Amino acid sequence: MTNTIGRNIRTTRERLGMEQQELAGKIGLTSASLCNIERGKNLPKTQNLIKIAQALGVTAEELMKGVS
């Protein structure tokens with residue numbers, strides 16, 4: 001699941017034309033932390049997953065299962 005969430009975050013972010021640093025700044029994470037989440041090294045905390053979803057305009061569930 002770690003890789004799925006990270007991959008879905010990155011795919012959605014890139015589809016929106018958003019840089020990793022921009023998203024990290026919007027949600028209060030470092031670029032390195034977001035990179036580790038996107039690469040599947042770490043799972044985001046629930047509160048961060050919600051912030052990421054809101055910044056990307058999707059639901060947390062969509063990031064966990066995949067955005068169509």
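**Helix 2 and its surroundings**

Modeller: In this predicted model, helix 2 (residues 20–27) packs against helix 3 (residues 31–38) at an angle of about 110 degrees, and their axes are 9 Å apart. Helices are DSSP runs of H or I with at least four residues, numbered from the N terminus; axes are lines fitted to C-alpha atoms over the stretch in contact, with angles from 0 to 180 degrees between N-to-C directions. The angle therefore makes helix 2 roughly perpendicular to helix 3, a term for 65 to 115 degrees. Helix 2 contributes Q20, Q21, L23 and A24 to the contact, and helix 3 contributes S31, L34, C35 and E38; contact means heavy atoms within 4.5 Å. Sorted by class, these residues comprise 4 nonpolar, 3 polar and 1 charged.

Local features need pLDDT of at least 70 and side-chain atom pairs 80 or more, while totals for chains, interfaces and linings use all residues. Residues are numbered from 1 along each chain, and side-chain values use heavy atoms, without hydrogens and water.

Around helix 2, one side is buried (under 20% relative accessible area, with exposed being over 50%, using a 1.4 Å probe). The buried residues of helix 2 are L23, A24 and I27. Because they cover an arc of only 100 degrees around the axis, they lie on the same side of helix 2; the arc is taken from the directions from the helix axis to the C-beta atoms. Q21, G25 and K26, on the other side of helix 2, are exposed. Just after helix 2, G28 has a positive phi of about 80 degrees. In the loop between helix 1 and helix 2 sits E19, which counts as exposed because its relative accessibility is 57%.

Leaving aside residues up to four places away in sequence, L23 touches I9, R13, M18, L34, I52, A55 and L56. L23 is also among the residues with the most contacts inside the largest nonpolar core, together with I9, L34, I52, L56 and L63. That core has 16 residues, being a set of buried Ala, Val, Leu, Ile, Met, Phe, Trp, Tyr and Cys residues joined through side-chain atoms within 4.5 Å. Helix 1 (2–15), helix 2, helix 3, helix 4 (46–56) and helix 5 (60–65) each supply at least two of its residues. Helix 4 gives the most, with 4 residues.

Within helix 4, the buried residues are N48, L49, I52, A53 and L56. Their arc is only 140 degrees, so they share the same side of helix 4.

Terms used
Parallel < 35°, antiparallel > 145°, perpendicular 65-115°, else oblique. Nonpolar A, V, L, I, M, F, W, Y, C, P; charged D, E, K, R; others polar.
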